[in-house]
Amino acid sequence: MPTKLTELERSTPEKHNPVVPIDLRSDTVTKPTPEMRRAMAEAEVGDDVYGEDPTVNRLEQRATEIFAREAAIFVPTGTMGNQIAIKNHTHHGQEVICEERAHIINLESATLAAFSGCQPRPIYGEDGVITWEQIKKRIAPRVYYRSQTGLIVLENTLNLAGGTIFPQALADEICDKAHQEGIPVHLDGARIFNAAAATGKTVAELSRKFDSVMFCLSKGLGAPVGSMLLGSKDFINKARMYRKAMGGGLRQAGVLAAAGLVALEKMPPRLKEDHENARILAEGLAQIRGIKIDPKKVPTNILVFEVSSTGMNAYDFNQKLADKNVLANAISPDHMRLVTHKDVSREQCLQTVVIIRGMC
Ligand code: TLP
């Protein structure tokens, strides 16, 4: 099996026309592993609305241990986890400070406004990274007619900025200073395990100072469904009420939690492979005329690159790629996103470079 671009280019022509689609749209497209499917089939279950599902309870317990937190709750999606956290921390009429490209304000159907009655106060940060200096200028003065800052949300890794890792010292400083101002900080850690794999820090260290953290089992970790929200006991008791209010009170959810447990225990060590594949893809793409990407800025499994100098906009680029059986996402008129995961191989990443080179 070719593992380098040069070897692949010398190999058979069908490598340039994959029969099975190469799906780089997201790490959400991963299929459960055989071990997950077995665990799901054999899961002990009960009614989780009554708190009686032993497998869900075990998953919540394991998450609290791994993140060194008081309590955790299983939620069907990352969106629900984030939005319950926002509702829990804020009041109607308040503001939520976050980076301009944050998932909570771009890809969660304005639930921050619809459910929590808040407005976003976005800040642009180079590579998605915002500092306390920037945040502090956006904290509303305590004047009765100014919408008060109810919450700060950071994202790690930052999806739309290209899988950026939030520098730990900055995150810690933001949490400390925000707490001095009486403002809570939530972490959208959908891909916190990718940040841990890339930095060598534990997820507990990365999220220690935050008031709450959400992470996804259904992305790089490969579970079919589910995310976890963690925080204090009181916070999670309230979260249980809001989860029910959002229609997220599941019954025999142990069949899902069983896959989540396998994801949590077995999958983190393989994330480095996805990061290496992303870097190899980035290095290949950086050589192609018209494509703008800096491989040094691809620390995890997400690549965001500019295509406008290829003469195509991102939507046409994406369609051309799909015609060649490579699936990706156009995230703006100029930018494409590719995401590596356990169901794309190194060889398929190299094939993708060859295909894109042929298109440009
Ligand atoms: N991200 C999905 C899409 O919504 C774009 C993806 O393909 O990357 N926080 C972050 C940082 C996320 O990337 C996502 C999902 C979520 C929250 C929401 O998770 P789900 O999809 O489970 O609601």
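Predicted model: local features only at pLDDT ≥ 70, side-chain atom pairs only at ≥ 80, totals over all residues.

Strand β7 spans residues 212-216, and five of its five residues are buried. Ser212, Met214 and Cys216 point to one side of the strand, whereas Val213 and Phe215 point to the other.

## The seven-stranded sheet

Strands β6, β7 and β8 belong to an open sheet of seven strands with mixed pairing, ordered β2-β8-β7-β6-β5-β3-β4. The edges are formed by β2 (71-75) and β4 (119-123); each has a single partner strand, so one side of each lacks a neighbour in the sheet. On average, neighbouring strands are turned by 20° against each other, direction ignored.

Strand β5 (residues 149-155) runs parallel to β6, to which four bridges join it. Within this pairing, Ile152 has Val185 of β6 as its bridge partner. Helix α4 (residues 78-89) lies across β2, β3 (95-99), β5, β6, β7 and β8, and runs at about 170° to β7.

## Helix α9

Helix α9 (residues 192-199) is largely enclosed by the rest of the structure because six of its eight residues are buried. These are Ile192, Phe193, Asn194, Ala195, Ala196 and Ala197. The elements covering them include α3 (54-67), β6, α10 (203-207), β7, α12 and α13. Just after the helix, Gly200 adopts a positive phi of about 80°.

## Nonpolar cores

The largest nonpolar core contains 50 residues; those touching the most other members are Ile135, Ile152, Leu154, Phe193, Phe215, Leu217 and Met228. Helix α12 (residues 254-266) supplies the largest share of this core, with seven residues. Beyond its neighbours within four places in sequence, Leu217 contacts Leu59, Phe74, Gly222, Ala223, Gly226, Ser227, Met228, Gly260, Ala263 and Leu264. Another core, of 28 residues, lies apart from the largest one and has Val307, Ala328, Val344 and Cys349 among its members.

## The three-stranded sheet

A further open sheet has three strands in the order β9-β12-β11, paired antiparallel. Its edge strands, β9 (302-306) and β11 (329-330), each pair on one side only. Five bridges connect β9 with strand β12 (residues 335-339) in the antiparallel sense, and Ile302 has Val339 in β12 as its bridge partner.

Two helices pack on this sheet. Helix α13 (residues 271-286) touches β9 and β12, with its direction at about 15° to that of β9. Helix α14 (residues 314-323) touches β9, β11 and β12, and its direction makes about 40° with that of β12.

Technical notes:
Residues numbered from 1 in each chain as written. Heavy atoms only, no water. Pairing = 2+ DSSP bridges. Contact = heavy atoms within 4.5 Å. Axes fitted to C-alpha atoms, helices over the stretch in contact; angles between N-to-C directions. Core = buried A, V, L, I, M, F, W, Y, C linked by side-chain atoms within 4.5 Å. Buried < 20%, exposed > 50% of the residue type's maximum accessible area, 1.4 Å probe, protein only.
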